[in-house]
There are 4 protein chains.
Amino acid sequence: MELNSVDTKIQTIGEAKISSPLLDERSAVLAQSFVSDDDGILLNLRLNDIHKAREEGQPSATFELAGPRENIFFDPSKLRCAMVTCGGLCPGLNDIIRSIVLTLHYLYGVRNIYGIKYGLQGFIPGYGHDVIDLNPGLVGNILNVGGSILGSSRGAQDIGEIVDSMERMNIGILFMIGGDGTLMAASKIADSIAERGLKISVIGIPKTIDNDIYLVARSFGFDTAVEVATQAIRAAHIEAEGYPNGIGLIKLMGRHSGFIAATATLAQQDVNFTLIPEVDFDLEGPGGVFSTLEKRLAARGHAVIVAAEGAGQKYFEDAGSERDASGNIKLKDIGLFLRNKINTYFNDKGIDVSLKYIDPSYMIRSLPANPNDSVFCGFLGRDAVHAGITGKTKLLIGHWNNNFVHVPMSLTAGKRKRVVPYGKLWSTVIETTGQGSLKNN
Amino acid sequence: MELNSVDTKIQTIGEAKISSPLLDERSAVLAQSFVSDDDGILLNLRLNDIHKAREEGQPSATFELAGPRENIFFDPSKLRCAMVTCGGLCPGLNDIIRSIVLTLHYLYGVRNIYGIKYGLQGFIPGYGHDVIDLNPGLVGNILNVGGSILGSSRGAQDIGEIVDSMERMNIGILFMIGGDGTLMAASKIADSIAERGLKISVIGIPKTIDNDIYLVARSFGFDTAVEVATQAIRAAHIEAEGYPNGIGLIKLMGRHSGFIAATATLAQQDVNFTLIPEVDFDLEGPGGVFSTLEKRLAARGHAVIVAAEGAGQKYFEDAGSERDASGNIKLKDIGLFLRNKINTYFNDKGIDVSLKYIDPSYMIRSLPANPNDSVFCGFLGRDAVHAGITGKTKLLIGHWNNNFVHVPMSLTAGKRKRVVPYGKLWSTVIETTGQGSLKNN
Amino acid sequence: MELNSVDTKIQTIGEAKISSPLLDERSAVLAQSFVSDDDGILLNLRLNDIHKAREEGQPSATFELAGPRENIFFDPSKLRCAMVTCGGLCPGLNDIIRSIVLTLHYLYGVRNIYGIKYGLQGFIPGYGHDVIDLNPGLVGNILNVGGSILGSSRGAQDIGEIVDSMERMNIGILFMIGGDGTLMAASKIADSIAERGLKISVIGIPKTIDNDIYLVARSFGFDTAVEVATQAIRAAHIEAEGYPNGIGLIKLMGRHSGFIAATATLAQQDVNFTLIPEVDFDLEGPGGVFSTLEKRLAARGHAVIVAAEGAGQKYFEDAGSERDASGNIKLKDIGLFLRNKINTYFNDKGIDVSLKYIDPSYMIRSLPANPNDSVFCGFLGRDAVHAGITGKTKLLIGHWNNNFVHVPMSLTAGKRKRVVPYGKLWSTVIETTGQGSLKNN
Amino acid sequence: MELNSVDTKIQTIGEAKISSPLLDERSAVLAQSFVSDDDGILLNLRLNDIHKAREEGQPSATFELAGPRENIFFDPSKLRCAMVTCGGLCPGLNDIIRSIVLTLHYLYGVRNIYGIKYGLQGFIPGYGHDVIDLNPGLVGNILNVGGSILGSSRGAQDIGEIVDSMERMNIGILFMIGGDGTLMAASKIADSIAERGLKISVIGIPKTIDNDIYLVARSFGFDTAVEVATQAIRAAHIEAEGYPNGIGLIKLMGRHSGFIAATATLAQQDVNFTLIPEVDFDLEGPGGVFSTLEKRLAARGHAVIVAAEGAGQKYFEDAGSERDASGNIKLKDIGLFLRNKINTYFNDKGIDVSLKYIDPSYMIRSLPANPNDSVFCGFLGRDAVHAGITGKTKLLIGHWNNNFVHVPMSLTAGKRKRVVPYGKLWSTVIETTGQGSLKNN
């Protein structure tokens, strides 16, 4: 319902008055794929909702379709572009960098493309990171390589300094590939640009291996992450089966949303307990995880548990003050926490268990994109260029109802896509694991 | 436009009057995911089309959503189900078999589930194939195994005999997993059942590694196929680069639709020529493949060509009468045809080339599903059971605009989904390969 | 030198007087591969050593070759065999189980083959584990499956009870697949059998993913382990390169011997520091790891460290008394120890580093054997059967100078194969990493 | 026996009088791994043979060990080296190139290293191929890439022109990586160098994916090839099982020696017939392949056949004159030949079979080396440098009884390592497949 009334209007930095170079002879075939701003796809395609909205006089919100436009804003021969990758590594970063560079270079004839090193740090002179001159020769062979050739970093930087830096470099389009925080920064950068009256387009490509950006159905790297997460589950299952009372415990990525944990559970159906941030559970008590696990071991002799890293945070609420020998605050790590708690539980009961713990996170994030993600990243990069060169700004390239679309940054800020407790995904997880509610009453 | 007016009404074999066992205490959480027949999702979500349709007084067609219903038709304790896999192997067959069996057994309590061996042959007494009693123990570990535990076969069988066989076995739901021909047969079987006044539901799950079923956005196994096809392209590229005037030629699956060839081209961007059935091309002449290939070799020293098996069939129109020494009609194999023609072309010109030919088809079809396909197959199998047990019939479990839906068999019969020549996929292929039109004028 | 004088004589439980069934018509071709006990291969093939030995009147020790013999001791039709897998999982366990069962069944016609569940526990009635009847149908498809279909367990059991159990079951050959401790137990079991005057042959197959059994050049699973360890190194390298002062830290298996760490370092040459148990190093001080790491970061911006789990144990010598909240003694885990120490070192110096820690152990041990290990395991299993059925006992199936050989259990007991500090392997690691001595003076 | 008396003396181009730079402080640890020319390892380590040889007054031949020497011949600061890769692609070429370059550069301080493009063509001015300046930056990241960065070509070139070219470039060491023909050429180049009185060392690294170089126990790329060949077998097996009378037919590499076919058969034990060049078989007749295959199908319903490409060449002896439509002589391709013959055989008998043919050759040769091969290639490259810089010439870097050794080129020329029909490998294949003799009578 709420989907019908969101404001999906896209901002621009000026009127697109230049004929697209795709209209020239060489690319004539491509011109046939031009997209019009007037067209759009419905956010909500459930008929009942649409009918209700109509009755109530509500509009049916649509997303602008991504893709090449007949007219563009920037003169490619004079345009300078910059791109930056921020936050944690994610499969597909290099695919997107490559796609943006090749599209700018070959399709539009842009010759000045700068790679900002190590995330937003690269804009700040104090860090002394060089800027990389990007061209097809440099990015041609990075498709099957994990990580980001630009490097990355975490943490915010001063918005003013970033815009100063872009002014000095005379940037026309800034491509920002990053997660929640990065997109917030992108939004502020776009606002600061507007305040200064600059003609810089800011295009975001949402990066979240957890797949939790609001109004973005799919984010790149997620499919690759699930693929490898299933290998960890398989390993845990074999270790569990291999010993009397064997328990395999896997911590998977997912700080706020359990999509990786839930999807990997369905991909490799050896999981007996899936714990995600969206669904509350108890550890102690007759209906809790420990007691249910004990029954499972008694019945079947082994068990596999998948925990998203953000699951069960209620157990850490009073943990803020614990520090280790070096004075560091102890990590609120659900994986290690469960490992210790489960071992203690069975130890106290005098039951021998053999628990094996697997945390594959850093083996996943650094992978090259699998072919599915690779194709997806190629489209994201191309559509980011098409959007930016048309003078559109403060938008994300999203994917909704199977179409690449323009999503205003304001729509996703401060919200998050989450696993719906009674939706198809989670109810199928419940059915597959047979785990029940894991709640006392 | 045409999408707005199709008839998507689903047939039933009787009224669903029995309360679903998912309503019982144990499964209460699942009951919250019940779907209503009244709800549906729009086939066409382009706003312009919808407006035009409304102006013209046309309806906006919707697909019924797949999923569990509150009321079912069959009494699970008395229900007997059969399933059969037909045609070529495809990654994911065992995932679907497993999903159907587990859903019938654990969710609905069905105890009589029969696997028909070797496709439709298994219904015909003359072949003497046994029927397999399917249960969770038998299918529990088939997730990571390629092929089909039921086996398969090609070719039609007598519809009457098939229905006879089902009558003898007292089958209530028949699950048919197969391609175009199988779904045609399924349709006829459903008609024959109706004529005889039997209460047998026929549920199809479309199997087409080529991904070419009309009104089905995605079919299982396709993602796995693309994943491995890219490995063949990578190999061909390395062989091509390794020699002076090296040419790598890969034949990929795709009898009528070039989705695998086009998608794999985008996944592993080393391809210089992609040939598919939907887009005409010339071999000879100044704009044709050979001449363009010669220019590419002169400029870059190597080239990679991907041909879908159905590409360039116009070159075989007069080939029907050629026979080999054994009297067999020569295969109209575009791969071997191109290999010979290209070698002859350059040989005649006195240009040394080193052409390596790769046909990975049978290494692809027999693979286990990758995790993405595995999850997808799990949903297909579950939704097939939900549909059948409700008494719905003559439908496919499809996937459209990111939802699992019920597609009447009549809608897809005799039609085919094809790569749209000026759509986003193909225009991106044209852009990536830089191959141009490959036509003389 | 010492290799020339070891006692390699193999014990038997009686004279082999029965003609091998391999002499029958069906297997005639196999009879041509019979091996004689008189033949053997030199342990030491360095000419200088052999000359010196000859001058000093020393013999040149040889290992008996493994393989089928013309005469056997047991009557296959009456023989009952048992097999057991002990200790940690290792790629290839199922390959060996399968190979033993198929060789006993098809080649010698043995029909009674018992699988003992969960390691030595399976012999002890108190645990209540069932015995599995092994046959070709059961083991035919376990080749590509990780773990052990028999399960495993750690820890010793009473030798007398084990032999009692074998007497009750009327076992003729016991196949024991396990590591150091298991082979010690095997040796004691063989002694107890001899004391009781029983006719039971005990054949060991050395399992050590660390590849550290003395006088056994190669052990199964090691090649698979290195293969996957390199993936962890690649991931760590990409994470390290991705951030300013990025550090990738990988803990690999190797309690007493650093073969996995050293070999994986050579396979994926992104490692800058390899730490193994055999070679001492300092952490603090001008020549130590921290200081050298700091220089590396200053020069190159990132670094990769591989630590075998047994490396640097000197840092734990006074750690025995530390206990965690639950009262458990803290694990002396070099990986977590280094992670904390490195972070503290740079934190104290005010240098921002980004350290990513990877511990892939449980994703490695549970893998199926790769093809190389699979072939190797096949030979181990077959030769174990050939040795046992001939009445030989108290031996291991080893691999030395490229031949499968019989190694008396007494030779390997209490010793360990270790990386030679100035040998070819380690000096190449030193050269590849450029790490220097990592010692203060 | 013959192994005891071969002449394994290594030629040199002059006395090694310069102290190795490995003696300097920085590399002091490496100096401890120096190898002496006086030392060597026995070719034959079977005790019976050694005794017999001694009785007959024969010597026991030894191979010189590969590795660094205390004294070298060339002055690294003035040395220029060239390297070339010839013939078919093979996993590991880039590993060897990288290893040679890094060892020359970092260990010995050599700064002029030239890569000759496209095999021996690169020496011949007429082809116009550039020479590549090789350095650590260029080769640092080629470890995980298939093919050869130098490219390759087939066919002989004029020896005189090659040596002319080296004289002009002032080359001191030539590294030749190639197969049989290349090593023959290397031998002639070394002779021509000797005749001209030049000081050029010629070092060969035997490349043969078939693993068939005489007196070389293992060649690089073979392990990787077997790994992927097993995937083809698995695919063929699944296709065969999937249909009534299903037959999976795989052609594997092996022109003269069946090591890949035999080893892959043992790695993936689904093969029922393995055909190799070394072992004669009949197709027709009561004991032949077709009749045995028919029995297998009748008994089990499916079958898998592996044919090495050089198997059954007797069936092509009179095929020389057959030509295709373009006038080309028809390929004597055992795979396609068997496919047609088997189909015809069963067609004539009125038996429906479903035969699937897989030829994975070009997907194998272009792969990157697996970790095992990668480590192996690293040693080959390093030892090639150690040998060349010492002034040794006309030798191969071989691997024998688990040691890297110097093999005089003269020893392997014109000979070939082949599968021994009654040896351990083949008799195990016979046992595993159960195929019997496949001969009439």
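Reader: How many helices and strands does chain A have?

Author: This is a predicted model, in which local features need pLDDT of at least 70, side-chain atom pairs count only at pLDDT 80 or more, and totals for chains, interfaces and linings use all residues. Residues are numbered from 1 along each chain as its sequence is written, and chains are lettered from A and ligands numbered from 1 in the order in which they are written. Chain A has 14 helices and 17 strands (DSSP runs, H or I of at least four residues for helices and E of at least two for strands, numbered from the N terminus).

Reader: What share of chain A is buried?

Author: Of its 441 residues, 59% count as buried, meaning that 20 or more other C-beta atoms, placed from the backbone, lie within 10 Å of the residue's own.

Reader: And what box do the C-alpha atoms of chain A fill?

Author: The box is roughly 75 × 60 × 40 Å along the principal axes.

Reader: New topic: how many residues of chain B are in contact with chain D?

Author: 27 residues of chain B are in contact with 27 of chain D; contact requires C-beta atoms, placed from the backbone, within 7 Å.

Reader: Which element gives the most to that side of chain B?

Author: α7(B) does, with six residues.

Reader: How are chains B and D related?

Author: A rotation of 180 degrees with 0.0 Å of shift along its axis superposes chain B on chain D, with an RMSD of 0.0 Å (least squares on the C-alpha atoms of residues with pLDDT of at least 70 in both). The two copies are therefore related as by a two-fold rotation axis.

Note on methods:
Buried ≥ 20, exposed ≤ 12 C-beta atoms within 10 Å, placed from the backbone. Contact = placed C-beta atoms within 7 Å.
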